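Biologist: Hi! I have the model open on my screen; could you walk me through it?

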Amino acid sequence: MKEMDAIIGNGTWSLTELPAGHRAIGLKWVYKVKHDQRGAIVRHKARLVAKGYVQRQGVDFEEVFAPVARLESVRLMLDIAAHWSWPVHHMDVKSAFLNGDLKEEVYVAQPPGFVDKHSSGKVLRLHKALYGLRQAPRAWNVKLDATLLSLGFRRSENEHGVYTRGRGQKRLIVGIYVDDLIITGGDVDELQAFKDDMKARFQMSDLGALSYYLGIEVHQACSGITISQERYALKLLERAGMLGCNPTSTPMEPRLKLLKESTAAPVDATNYRSIVGGLRYLLHTRPDLSFSVGYVSRFMEAPTEEHQAAVKRILRYLAGTVRLGIHYKTGNKKELPLLHGFSDRVMSMIARAPAG
């Protein structure tokens, strides 16, 4: 099995007796089917995961967090790339957490199906992190951060999941989301050299031009870069039982007013929160839904049929606009990209201003 080959080849553990005062953490196999942006099966994946929920802070681990690039930063990267007509590439680190070095003394049981017959009573002392360990994300991020800094990158002071190197057309920008790397830059040779450097240090999957990332579909063309979440929107509609419903032309009724203390009958709060949470994730590529989704988000605590009717109206609008997204246009190479802001309040003030 490839997963076990990667673990053993990485020097992840060594067989030993369990010392007094320590306990071994259990392991289990987790199976997953990976899909592409069209829903087609890409590969079947098996992963060995530690039962990290039994770990105790201060005993088995200290830090557990790992910074990742916010999706707002990813969108900004795509905007910059579109403006300068830079290609955007995608790389994935195979078994990323296995590369993190452990500072703590951690022992795990031998994995199911791979128990040594001659040493069945022994345990495994971990030297590298495993998926499921509470400190695994932090250990991997420390390793990746040190690697990028050694390659001449500088970490952003305001966004610790974004790194830059070089100037002008030689500039490279890298966005990190756990084990996914988004890379863009003006020099193709510089970009390829960086990918080769990463492959020399880690087992990497070179996914080529970015086309699908965290549920967001990315289309790169001469005219710019388009991002959308059509497949995610269809899944959300299916989950809500609204697939094939009659669409509406607007996400909300004009001048709709909802109250927290409604007299309408209550609805399933868990289901309401799940659907609204899914709609909030859609906002990364659907700013036209921002106001309406923000409005229904106010009633998560005790939703009623009135609140649910407003959510269904949003879903009906979504059903007729699933293909909408954001398009970042190719810009003038002699000018820096500009941010344009629009405000209804300012426009209404201008409209009311007296002539002359």
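Modeller: Happy to! Let's begin at serine 85, which is partly exposed with a relative accessible area of 42%. With a 1.4 Å probe and protein chains only, buried means under 20% relative accessible area, exposed over 50%, and partly exposed in between.

Biologist: What should I know about the numbering and the kind of model this is?

Modeller: This is a predicted model, in which local features need pLDDT of at least 70 and side-chain atom pairs count only at pLDDT 80 or more, while totals for chains, interfaces and linings use all residues. Residues are numbered from 1 along each chain as its sequence is written, and side-chain values use heavy atoms, with hydrogens and water left out.

Biologist: Back to serine 85, what is its phi?

Modeller: Serine 85 has a positive phi of about 60°, although it is not a glycine. You'll find serine 85 in the loop between α2 and β4. Helices (H or I, at least four residues) and strands (E, at least two) are DSSP runs, numbered from the N terminus.

Biologist: And valine 178, where does it lie?

Modeller: Valine 178 is in the loop between β9 (172-177) and β10 (180-185). Phi of valine 178 is also a positive value in a residue other than glycine, near 60°. Valine 178 is partly exposed, with a relative accessible area of 29%.

Biologist: Let me zoom out. How many helices and strands does the protein have?

Modeller: The protein has 9 helices and 15 strands. The C-alpha atoms fill a box of roughly 85 × 60 × 40 Å along the principal axes. Of the 356 residues, 41% count as buried.

Biologist: Which strands make up the open sheet, and in what order?

Modeller: The open sheet has 4 strands in the order β12-β13-β14-β15, with antiparallel pairing. Its edge strands are β12 (212-213) and β15 (325-329), each pairing on one side only. Two strands pair if DSSP finds at least two bridges between them.

Biologist: How many bridges join β12 and β13?

Modeller: There are 2 bridges, in the antiparallel sense, between β12 and β13 (residues 216-221). For tyrosine 213, the bridge partner in β13 is isoleucine 216.

Biologist: Which strands does helix α2 lie across?

Modeller: Helix α2 (residues 71-84) lies across β12, β13, β14 (224-228) and β15, and runs at about 40° to β15. Axes here are lines fitted to C-alpha atoms, for helices over the stretch in contact (heavy atoms within 4.5 Å). The angles run from 0 to 180 degrees between N-to-C directions.

Biologist: New topic: how many salt bridges are there in the whole structure?

Modeller: A search of the whole structure finds 9 salt bridges. A salt bridge is a side-chain nitrogen of Lys or Arg within 4 Å of a carboxyl oxygen of Asp or Glu.

Biologist: Nice. Which side chain does arginine 155 meet in a salt bridge?

Modeller: Arginine 155 meets aspartate 145, at 2.5 Å from N to O. That pair links distant parts of the chain, with arginine 155 in strand β7 (residues 154-155) and aspartate 145 in helix α3 (residues 136-150), 10 residues apart. Arginine 155 is partly exposed at 31% relative accessible area, whereas aspartate 145 counts as buried at 16%.

Biologist: And what about glutamate 230, which residue is its salt-bridge partner?

Modeller: The partner is arginine 323, at 3.6 Å from N to O. Glutamate 230 is in helix α5 (residues 230-239) and arginine 323 in the loop between α8 (305-319) and β15, 93 residues apart. Glutamate 230 is partly exposed at 24%, while arginine 323 is exposed at 68%.

Biologist: Which lining residues are closest to its centre?

Modeller: Of the 30 residues that line the largest pocket, Lys32, Lys34, His35, Asp180 and Tyr212 are the closest to its centre. The strand β3 gives the most to that lining, with 6 residues.

Key:
1 Å grid on protein atoms, 1.4 Å probe; cavity = no way out; pocket = protein on both sides within 12 Å on 5 of 7 lines; lining within 4 Å.
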